[in-house]
Amino acid sequence: MTAAGGQMAAWGRAEQQDFRGRVRGCLLGGAIGDALGAGVEFDSLGAIREKHGPSGVLDYVPAYGRRGAVTDDTQMTLFTVDGLIRAYVRRDTGAWHPPTDVHAAYLRWAATQRDWGPDERNEKDGWLAREEWLYARRAPGNACLSGLADERMGTVDQPKNPDSKGCGTVMRSAPFGLLVGWEPHLVFQLAVECAAQTHGHPTGQLAAGAFAAIVHALTRGEQLDHAVQRALSQLAMRPGHEETTEALKRALGAVRQGMPSPERVAALGEGWTAEEALAIGVYCALVAEDVRHGLLLAVNHGGDSDSTGSVCGNLLGALHGETALPPDLVAELEGRATILELADDFAMEMTVGPALHAPGAAAPAWLARYPRM
């Protein structure tokens, strides 16, 4: 049952625990996939096999000076979560426009790409913007950087980078799907509106919406194939959906074509564009024997390996929860403590938010973490 404003009206303990496990799984799984692909992002399949053996990468490989390093995909995903929490907290003031709060969070991410560290952050920026490890450039997309180079917020009617449909929209959009109290069409629309802040092409926006819709269905306990079919139904009602719809249909068709392989992944594209990243991530999640198998399939190809790994990891984590993730990969993941802390904060906000803040009263520690400003 949904309460006004998109929160569940009542949560039992078992429901809360299941939800928290899926939120943790989604965010950690995406980060693990991101980190597995980070070291081979710009390599061809041949180069990957030459460097790492005929099976390709089977574990983290060094990237950005360490094993388990994440990229801008995980960075922006975390700031998406931060923006959504801030939207709920700021609603106490009478303001309710989540795209504005997500945009403000993306501007805080953009600051991490140009500042040396968090010294210049102030109290209104909240705790995530003061995490020093996030101040690192990990091959961010040009459209994301240029779209956030000034404070004007792109909208669906007046988007930033009108011709861009890069995968920078998809790789950061899983958190919208974690809004389980929202109706599916609203989750889809929110992801579209926030994608327009950096990417203007309909495919870039609609692929983000479809991805969020799939994660949303998984977080509500549906199976992946049903979730994809639901997303296709939503896409069919949107102008300019053809590229995204065709990409998802190719992913579904590839499942029926035989044993999964890097060559079958390559037939879906390279993942640099939004619809290709979505298709590859969905295909690898659909055919995954387990989480590790799906993630390795998603990164061992000649393309945007970190983004396709991230998408696949978000899906498998939301589907199976955190306990299905490979412990050795969790243990070595950069930023694990921050990711878990943010995941638990999001789960608390969605399940017991009114106990943490309300228009007349609030827990001071919560407002210090997520200011209403």
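**Buried residues, cysteines and helix packing**

User: Why does Cys167 count as buried?

Analyst: The relative accessibility of Cys167 is 6%. Buried means under 20% relative accessible area, exposed over 50% and partly exposed in between (1.4 Å probe, protein chains only), so Cys167 is buried. This is a predicted model, in which local features need pLDDT of at least 70 and side-chain atom pairs count only at pLDDT 80 or more, while totals for chains, interfaces and linings use all residues. Residues are numbered from 1 along each chain as its sequence is written, and side-chain values use heavy atoms, with hydrogens and water left out.

User: Is Cys284 buried or exposed?

Analyst: Cys284 has a relative accessible area of 0%, so this residue is buried.

User: Which residues of helix 12 and helix 13 meet?

Analyst: Tyr283, Cys284 and Val287 of helix 12 meet His293, Gly294, Leu297 and Ala298 of helix 13, contact being heavy atoms within 4.5 Å. These contact residues comprise five nonpolar, two polar and no charged.

User: What makes Ser310 count as buried?

Analyst: The relative accessibility of Ser310 is 2%, so Ser310 counts as buried. This residue lies in helix 14 (residues 305-320). Apart from neighbours within four places in sequence, Ser310 is in contact with Gly30, Gly33, Asp34, Asp73 and Met171.

User: Why does Arg91 count as partly exposed?

Analyst: Arg91 has 25% relative accessibility and therefore counts as partly exposed. Arg91 sits in the loop between helix 3 (72-90) and helix 4 (98-112). The C-alpha atoms of Arg91 and His357 are separated by 10.0 Å, although the two are 266 residues apart along the chain.

User: Which residues does Phe176 touch?

Analyst: Not counting residues up to four places away in sequence, Phe176 touches Thr80, Leu84, Val102, Tyr106, Val187, Leu190, Ala191, Cys194 and Ala212.

Key
Helices (H or I, at least four residues) and strands (E, at least two) are DSSP runs, numbered from the N terminus. Ala, Val, Leu, Ile, Met, Phe, Trp, Tyr, Cys and Pro count as nonpolar, Asp, Glu, Lys and Arg as charged, and the others, Gly among them, as polar.
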